[in-house]
Amino acid sequence: MASIAAEMPIASIGRREARIAWLLAAPAITLLFLFILLPTLAVVILGFTDFELGYGGFRFVGFENYAELISDRTFRRSLSNTAIYTAIVTPVSIVLALAIAMLIEAETRARAFFRTVYFLPVASLLVAMATVWQFLFHPTIGPINTFFAQFGITGPNWLGASGTVLYGLSIIGIWQSVGFNMVLFLAGLTAIPRELYAAAEVDGARSWFDRFRLVTWPMLGPTTLFVTTISIINSVKVFETVKTLTEGGPNKASEVLLFTIYQEGFVYLRVGYASAMTVVFLAILVVLMFLQYRVLDRKVHYA
Amino acid sequence: MTAHSLAFGRILRFGLLSLGALIFLAPYIFMISTAGKAQSEIFSSSLSLIPEQWSFAENFTKALSRVSMPTLLMNGVIVCALIFIVQVVVAIPCAYAMAKLKFRAARSMMVLVMLGLLVPIHATALPLYVAFDRLSVLNSYTALVAPFSISVFAIFLFLQFFRAIPDDLIHAARLDGMSEPGIVARVIVPNAWPAITAFAIFSVVAHWNDLFWPLVVVSNQDFATPPLGLLYFRAAEAGDDYGALMAATLIITLPLVAAFLIAQKRFVEGITMTGLKG
């Protein structure tokens, strides 16, 4: 650096470095505009039009799409189904993941084996495993109901009845996401200094639950918050299982947000209307992120 | 606390973990078992796992004949490889410029990256679909790969990693007369392998499994990726030939699961790293 600086004035080095930086970043910036910023802007604008693919023109209709959304029963059903699915999958998969992570952390034998088994669903093709679950859930020949039948219980028509379909999908969702959360919790648990447990014991924390309450839970704060946010976002984005197994049915009982958007936009080709739905979807993601930052700012204990 | 209760706790812990493991493995066990059963045996709805009549050959033949499995798997490999290579080639120089060069736009770039992290493909799919339709590039590798050529997540991850690389290393390379692109290729990349591997696992798992985007832009089997291909297979089977269906599922799930089992330590590290940074 010194030898170059002797030959060139500082300002020109700075300019040269800035030019190289721009060149290195140029492809990324171009693609970011092309594939993220422009389309996002376009979806907001399209939401105010009556654009349909296959028809030539379109006109601006103001908030008409949004007005239609409010009274659209399918869309409202889809929002509430997504909310119910999220309200089941997120807490259950977090609590299970934390419990499994703590059990594995305390276990001395076969730790790697257990970690692998619980993580396996994350590495498996969801569409394929959903097909397997469909067989497991089959009302007459499925192993789950066959198992129940041995105790004289008639199992429900899991994915075929409007009363149980969301629970069926939730079970698949939980099975699929526990491993991911568990791995993050395991990383969080390993980062807790051992001395803290010793100190808590000196202070009179005798039972397992005291140690959890006084050390593990507060120290895991940032991990838990992160896992919660990512779990909620992933649940809101549920699509694969619904598209593969139920197509929103029976009777719209498993219509979820992304499936409704897919159906309106890419099957019925009502791009303008589907764009308005997408804007609602984006707004939900933005609110979730905003909430995470707020909580992160205030409450979470830092190690 | 007595030794007795301690032993009891251990047994309870091991028992709980084993029971959970069994439940988590159950879908795989039934998948393999059902792939070997004849149609009549499946419909007799017994819980026995060992097929009475070994029908693996019939079921696998059916699975391989309805949909071209090699094409599907090949498409999956091509699409995932292209996406990963382009993402890394685009993101690394950009992250280097933001982390290590005097770059006035770095701040606004950071804002763009954070905004980009918020926007999933589902949000940009409609305008991209319309544009790809106008350009007549639907049903092509281009359509499958292009929207993922930019990964703001990759930029974000590499940025964190590059910041930790000592400046002295870069200064020394400059004194040796290395150009900036040369520094990226010969100093930064070799030092960033852990981040690159972690990102590779994240990217491949995400795109190998993605159904949404291929479903939107692909409508014929020639460009179908594994999830989409399985959807076609299900439609062709009318969903009731579970033996063949499980055989197909097995073939399609196996590559990534095998990769995971072989490199599981890397996988878990990679997911932890990308997970926590994201």
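**Reading a two-chain helical model**

Tutor: Start with residues 183–208 of chain B, where the chain is 96% helix and 0% strand. The end C-alpha atoms of this span are 32 Å apart. Keep in mind that this is a predicted model.

Student: Which feature does UniProt place at residues 183–208 of chain B?

Tutor: The unreviewed UniProt entry gives "transmembrane region" there. Take residues 12–30 of chain B as another case: the span is 100% helix and 0% strand. Its end C-alpha atoms lie 26 Å apart.

Student: How do I read confidence, and what is the mean pLDDT of chain A?

Tutor: Where pLDDT is low, the predicted coordinates should not be read in detail. For chain A the mean is 87, and 94% of the residues reach 70 or more.

Student: Which element of chain A has the lowest mean pLDDT, and which the highest?

Tutor: Helix α1 (residues 2–7) of chain A has the lowest, at 48. Helix α4 (residues 73–106) of chain A has the highest, at 94. Over residues 1–6 of chain A, pLDDT stays under 50. The model has six contacts beyond four places in sequence for that stretch.

Student: Now the fold. How many helices and strands are there in chain A?

Tutor: Chain A has 14 helices and zero strands.

Student: How do I read the interface, and how many residues of chain B are in contact with chain A?

Tutor: The size of an interface is often given as the accessible area lost when the parts come together. Here, count residues instead: 78 of chain B are in contact with 73 of chain A. Helix α1 (residues 3–35) of chain B gives the largest share of chain B's side, twelve residues. By class, that side has 57 nonpolar, 14 polar and seven charged residues.

Student: Which residues have the most contacts inside the largest nonpolar core?

Tutor: They are A91(B), C94(B), A95(B), I155(B) and F158(B), in a core of 161 residues. Helix α4 (residues 69–100) of chain B supplies the largest share of this core, 15 residues. Follow one residue further. Leaving out residues up to four places away in sequence, F158(B) touches A91(B), I92(B), A95(B), A192(B) and A195(B).

Student: Back to the backbone. Where is N251(A) found, and is N251(A) buried or exposed?

Tutor: N251(A) sits in the loop between α12 (240–246) and α13 (257–267) of chain A. It has a positive phi of about 60°, although it is not a glycine. N251(A) has 11, so it is exposed.

Student: Why does S136(B) count as exposed?

Tutor: Because S136(B) has 9 C-beta neighbours inside 10 Å. Its place is the loop between α6 (121–134) and α7 (141–145) of chain B. S136(B) is not a glycine, yet has a positive phi of about 50°.

Conventions: Residues are numbered from 1 along each chain as its sequence is written. Chains are lettered from A and ligands numbered from 1 in the order in which they are written. This is a predicted model: local features need pLDDT of at least 70, side-chain atom pairs count only at pLDDT 80 or more; totals for chains, interfaces and linings use all residues. Two residues are in contact if their C-beta atoms, placed from the backbone, lie within 7 Å. Helices (H or I, at least four residues) and strands (E, at least two) are DSSP runs, numbered from the N terminus. Ala, Val, Leu, Ile, Met, Phe, Trp, Tyr, Cys and Pro count as nonpolar, Asp, Glu, Lys and Arg as charged, and the others, Gly among them, as polar. pLDDT is the predictor's confidence in each residue, from 0 to 100. A residue is buried if 20 or more other C-beta atoms lie within 10 Å of its own, exposed if 12 or fewer, and partly exposed in between; C-beta atoms are placed from the backbone. A nonpolar core is a set of buried Ala, Val, Leu, Ile, Met, Phe, Trp, Tyr and Cys residues joined through C-beta atoms within 7 Å. UniProt positions are given in the numbering used here, feature names are shortened, and annotations may be inferred rather than shown by experiment.
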